[in-house]
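Here are my notes for you to read alongside the structure. Keep the viewer open and look up each spot as you go.

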Amino acid sequence: MSLLLADAFEHESLKAAEPVLRTDVPGAPSRQLRWVHSSEVLDIAPLLRGGELLLSGGQALATASDERRVNYVRQLAARGIAALAIETGPELPAIPESMLDAGQEAGLPIIELCKVAPFVGIMQAINSLLVSESVAQLQFGDETSHAMAAELAHGGGLDQLLAVLASRTGASARLVSPSGITLGSATAAVQPESITVTTVEVPVRGVLAARLELEVPDDGDANLARVAGERCVDILGLALLQRMPPGLKELAGIELMRAISSGTQSWRLQQLGPASGFPASGPVAAVVVRSSAAGQLRTQLDGILDDAVPQSASYADNAELIALAALPAGTAMVSRMTLMRALQDLEVPDGSAIAVGPLAGGIGEAPWSLAEARLTLELTARAGTGIGDGNGVLDAEDFAVERLAEGSLDQATREGFVQRQLGAVVEHDAQRRSELMRTLAVWLDTGCNTAQAARELHLERQSMHHRLQRIFELCGGDPRGTGRLAALHLATRLARL
């Protein structure tokens, strides 16, 4: 018998925290638990697999913006966790109504823990029960996989393999291509009135080839079906290879992207590039998409790349989707900007981020372009910008100064330079909670355009002039027309790191 959310509510370890279900989600008590996990990280969703009871102490939520809290709930719901339990107390006196509304809308049970919750004790107690159950589930999954392997060995096709899975789990099974085409299906013996759909990705040589959809009756065991589905992924992948083996060019493209991602030596890339359609010396640019739906986005990304550039290749790995685009030699810079605009059409979930690396001189420099695109995402995440802002595409060239400083200047050198150039401004902000540093950064980024900076900061022009006057007093006068302008601009960029 699987452990349900209702069972966790009745467990002594969790009852001590006085749990109260704050969202009215139909069927919440009967949700099956796969694991109990605790985390204060708001970007935890891509690391979860679904079915978890997630425990949060509320510290990060207490200081997060309302928009970030809502996105946090939506991302967890999209990941398919069983429930979110939040401890309330001095830092977070109550669960915000916006989170409860988002949970209700997304169908995510949200639990308030009204007393101090011993998270370690809860996880140890409940997960020990789940581990015992998991052993039995893995044995069942392996037996199912062996039965499907025997069917494949006797010439069974996808429908026959899925029929074995359906008969053993009691769930209808369907194998769907990334573009939504049904590749094979099998119906359970008994058709229930209501079901829960469990999805398992089926990769072939590192590339998402299909998704296994299991329609589990509400009185069935969704965890058992999921485990069985996960254990038979290799058998289904082998069957897919037999049915539609990839061509040599596609295989070379997969191997090329793996090699670029791992930073393989240039000579190896020079071999793989032409085999997958890339000219050995033509300009290229890397694309990185970080998203909880990275695998599902690959087909969309490939379509955008096919329309925008002469040649491309992509590869999905966990929560990261990477691609390489070949650009026309004579118009490489213009084509790169066109590609960036085209990538705006990629529909990504909240919390996703896209970056385009700098132009590389040839296939041998592709790992560098990819590394710089990844660094751009890391820098913007560290600075608190560029993440969770819809599908805006980040240009690595806009962060050239930060990327150079990150690689060439240690933290002490960067902090020392900022302190010498703008120490008085930083101190003023700290003492008076002003925003002079941000004001100066925006003003410099707009090319010292006071009117434009005021619009971006939502300030009256008079207020903007007053701020600038105070900044000039603190940093030694108006820097325009002096050699200090570049130094101050560099200092504001380094301060973001």
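1. Let's start with a question: among contacts in the chain between residues at least 6 apart in sequence, what percentage join residues at least 24 apart? It comes to 68%. Do keep in mind that this is a predicted model.

2. Now for the overall make-up.

3. The chain has 497 residues, and 48% of them are buried. Its accessible surface is about 23,100 Å², with 52% of that belonging to carbon and sulfur atoms. As for charges, there are 40 positive and 59 negative ones, and their mean positions lie 7 Å apart.

4. Have a look at the largest nonpolar core, which has 31 residues. Leu 175, Leu 212, Leu 236 and Leu 240 are the ones with the most contacts inside it. Both helices and strands give two or more residues to this core: on the helix side H6 (119-153), H7 (158-169), H8 (222-231) and H9 (233-243), and on the strand side E6 (172-176), E7 (182-186), E8 (195-204) and E9 (207-217). H7 gives the most, with six residues.

5. Zoom in on Leu 236. Which residues is Leu 236 in contact with, leaving aside its neighbours within four places in sequence? They are Met 148, Leu 158, Leu 161, Leu 162, Leu 175, Val 202 and Leu 212. Apart from this core lies another one, of 26 residues, and Ile 254, Leu 256, Ala 366 and Leu 394 are among them.

6. The buried ones are Ala 222, Asn 223, Ala 225, Arg 226, Val 227, Ala 228 and Gly 229.

7. Last stop: Ser 98, which sits in helix H5 (residues 97-106). Is Ser 98 buried or exposed? Its relative accessibility is 19%, and buried means under 20%, so Ser 98 counts as buried. Leaving aside its neighbours within four places in sequence, Ser 98 is in contact with Asp 66 and Val 70. With Asp 66 there is also a polar contact, side chain to side chain, at 2.5 Å.

Conventions. Residues numbered from 1 in each chain as written. Predicted model: local features only at pLDDT ≥ 70, side-chain atom pairs only at ≥ 80, totals over all residues. Heavy atoms only, no water. Buried < 20%, exposed > 50% of the residue type's maximum accessible area, 1.4 Å probe, protein only. Contact = heavy atoms within 4.5 Å. Areas by Shrake-Rupley, 256 points an atom, 1.4 Å probe, with all protein chains shown as cover. Lys, Arg positive; Asp, Glu negative; His and termini not counted. Charge placed at Lys NZ, Arg CZ, Asp CG, Glu CD. Core = buried A, V, L, I, M, F, W, Y, C linked by side-chain atoms within 4.5 Å. Helix = DSSP H or I, 4+ residues; strand = E, 2+ residues; numbered from the N terminus. Polar contact = N/O pair within 3.5 Å; in protein donor to acceptor, adjacent residues only side chain to side chain.
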